[in-house]
Amino acid sequence: MAGAVAGGTLVAGGMTGQAHAAAPGTAARFQFEEQPFSWQPHILDPEECAVAAYDGYWHKGFGCGYGVFYGIVGMMAEKYGAPYNQFPFSMLEVGKSGISGWATICGALLGGASAYALFWGRKERDPMVTELYRWYEQTAFPIYNPGTAAKGFAGDLPTSIAHSPLCHVSVSKWCYETGIAEKSKERSERCARITADVAKKAVEIMNAKQTGAFVVEHKTPESVEYCGSCHGAGKESPIVKGKMDCAPCHSGSEHTQDKYNNHP
Ligand code: HEC
Ligand code: HEC
């Protein structure tokens, strides 16, 4: 332990997760990240985490980002106490509806990636995020069914594949394909179930990472391989950022054609 007691206060040094005792206004720049990504993960039961995540979605209306994050880190807090129980979990409410209603990244995916980032820096984490996000792009949701514990809508729900990690695409496409309104109990229930699905998958990935069994299983979409053969760092068009499936937005399908003209 590198901390030294001076005048009765613990001087900061090597105690990530503990109080830093520098007097207000005297902290050195960036001193608060001297041990980045240093929390230790635990193996969790994916099924148990899925239930917690589903309930977390409904808890005070905190939504998908909170649900997944609590379904992972909250479970460590319940089982192991500190430092996990020190996290201000409600912070993840920001992920609701794709970050404060903007329908950008699916908040459930934000919750999963954020949990990973407590334990792993980007070199370790990025492949884990890739596996989680690719799985999300390619999977028909929702899978989880809470049965009689359903809080929004009981019974089976129709599924769709988003081909995108974006809340906007994921939700709008599901509503289009099913004819169910975005503001409906069914749609909320769908997202609560996806919150459970993402927490379960995120924990399976974390468990595999901890036992050394983690591999990226989900394949890169054809579009990303093909378009990326020219659009990418060091290629003839070095201007494109990102790893998302290009097809939903650049395929010229009826969904992405001009809706400003000759449109009902
Ligand atoms: C054989 C190489 C090649 C492939 C494959 C390729 N592009 Fe391009 N693309 C280019 C070049 C070169 C430009 C123009 C240069 C620039 O803007 O950097 C371009 C321009 C674009 C533009 C700018 C607007 C336009 O239409 O000119 C978009 C959008 C685009 N590409 C998307 C895609 C997508 C999506 C794919 C996969 C379906 C793809 N490209 C595959 C080479 C390619
Ligand atoms: C979520 C939708 C979405 C996805 C996914 C997506 N793009 Fe785009 N992309 C856009 C939009 C919107 C623009 C800005 C278009 C404009 O300039 O008006 C853009 C811009 C571009 C441009 C710059 C040229 C231009 O027309 O502005 C290229 C090149 C491009 N995208 C290629 C790709 C490739 C390759 C992929 C897959 C690796 C991809 N995009 C994934 C929506 C998307």
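**A walk through a predicted chain**

The model is predicted, so local features need pLDDT of at least 70, side-chain atom pairs count only at pLDDT 80 or more, and totals for chains, interfaces and linings use all residues. Residues are numbered from 1 along each chain as its sequence is written, while chains are lettered from A and ligands numbered from 1 in the order in which they are written.

How far can you trust what you see? The predictor's confidence in each residue is called pLDDT and runs from 0 to 100. Its mean over the chain is 92, and 91% of the residues reach 70 or more. Residues 1-19, however, stay under 50. Where pLDDT is low, the predicted coordinates should not be read in detail.

Now let's look inside. A nonpolar core is a set of buried Ala, Val, Leu, Ile, Met, Phe, Trp, Tyr and Cys residues joined through C-beta atoms within 7 Å. The largest one here has 52 residues, and Ala 202 is among those with the most contacts inside it. Helix H6 (185-211) is one of the elements that give two or more residues to this core, and H6 gives the most, with ten. Leaving aside neighbours within four places in sequence, Ala 202 is in contact (C-beta atoms, placed from the backbone, within 7 Å) with Val 68, Ile 72, Gly 112, Ala 115 and Leu 132.

Finally, visit the two ligands. A residue is near a ligand if its C-beta atom, placed from the backbone, lies within 6 Å. The residues around ligand 1 include Cys 227, Cys 230, His 231, Cys 246 and His 250. Helix H7 (residues 222-228) provides the largest share of this shell, three residues. Which residues come nearest to ligand 2? Of the 15 around it, they are Cys 227, His 231, Met 244, Cys 246 and Cys 249. Here too H7 gives the most, with four residues, and H7 and helix H8 (247-250) each supply at least two.

Definitions and conventions:
Contact = placed C-beta atoms within 7 Å. Buried ≥ 20, exposed ≤ 12 C-beta atoms within 10 Å, placed from the backbone.
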